[in-house]
Each structure stands twice: as C-alpha cells, then as structure tokens.
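Here is a short briefing for a first look. Please view the sequence and the 3D structure before reading on.

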Amino acid sequence: MLLQQIATSIVAAGEAEHEELAPLWAAPWVFGVSIFAILLVLMFITWSYSNVGNRHSATDEHADPHRQHPNKHDHGQGH
C-alpha cells in the first residue's frame, strides 16, 4: 500500500508542470557563509572551555557511605 502511494506520488510529480521556485532574500552563497560563520563562533566558544579541567589539581573523591546511591565499586575506600 505504501509503495503504491510512493509510486503514485513519483508519477504525479513527473507529470506535473514545473513550479516556479520561491524567491530567496539573499544569494545562495550567503546562506552557506552565514551558517559557516555561526558554526565557527560555536566552535570557538566550545574551544574556550577546553582548559577548565586544568584550573585546579585533581583530588580523590571521598567515599561517603551515607550517599543515597553509594558506589558499589569503591575498591575499599569506604568502610
């Protein structure tokens, strides 16, 4: 049933007159350049956070036995 509908729509699209494209408010290359610029800005924002983990020295996590979901694999750090 679905294949018949797809085939019918393909045949109908082939027989239909070619419709005029919607007008663009800018040249097509403007869209590509603007999307690329937005992605570059997002990349630099992401890159600016790359050194956040190195601000402080790493410390071991305290194994708290009163936590609601205790770590079952604490390797003897708890009690």
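What does the accessible surface of the protein come to, and what share of it belongs to carbon and sulfur atoms? The accessible surface is about 8200 Å². Carbon and sulfur atoms account for 63% of it. Keep in mind that this is a predicted model.

**Overall build**
- The protein has two helices and zero strands.
- It has 79 residues, and 3% of them count as buried.

- Leu-39 has a relative accessible area of 51%, and the cut-off for exposed is over 50%, so Leu-39 counts as exposed.

**Aromatic pair**
- The count of aromatic pairs comes to one.
- Trp-25 and Phe-31 form this pair.
- Their ring centres are 5.1 Å apart, which is within the 6.5 Å limit for a pair.
- The planes stand at 75° to each other. Angles over 60 degrees count as edge-to-face, so the pair of Trp-25 and Phe-31 is edge-to-face.

**Exposure of the two rings' residues**
- Trp-25 is exposed, at 75% relative accessible area.
- Phe-31 is partly exposed, because its relative accessibility of 28% falls between the 20% and 50% cut-offs.

Definitions and conventions. Residues numbered from 1 in each chain as written. Predicted model: local features only at pLDDT ≥ 70, side-chain atom pairs only at ≥ 80, totals over all residues. Heavy atoms only, no water. Phe/Tyr/Trp six-rings, centres within 6.5 Å; stacked < 30°, edge-to-face > 60°. Buried < 20%, exposed > 50% of the residue type's maximum accessible area, 1.4 Å probe, protein only. Helix = DSSP H or I, 4+ residues; strand = E, 2+ residues; numbered from the N terminus. Areas by Shrake-Rupley, 256 points an atom, 1.4 Å probe, with all protein chains shown as cover.
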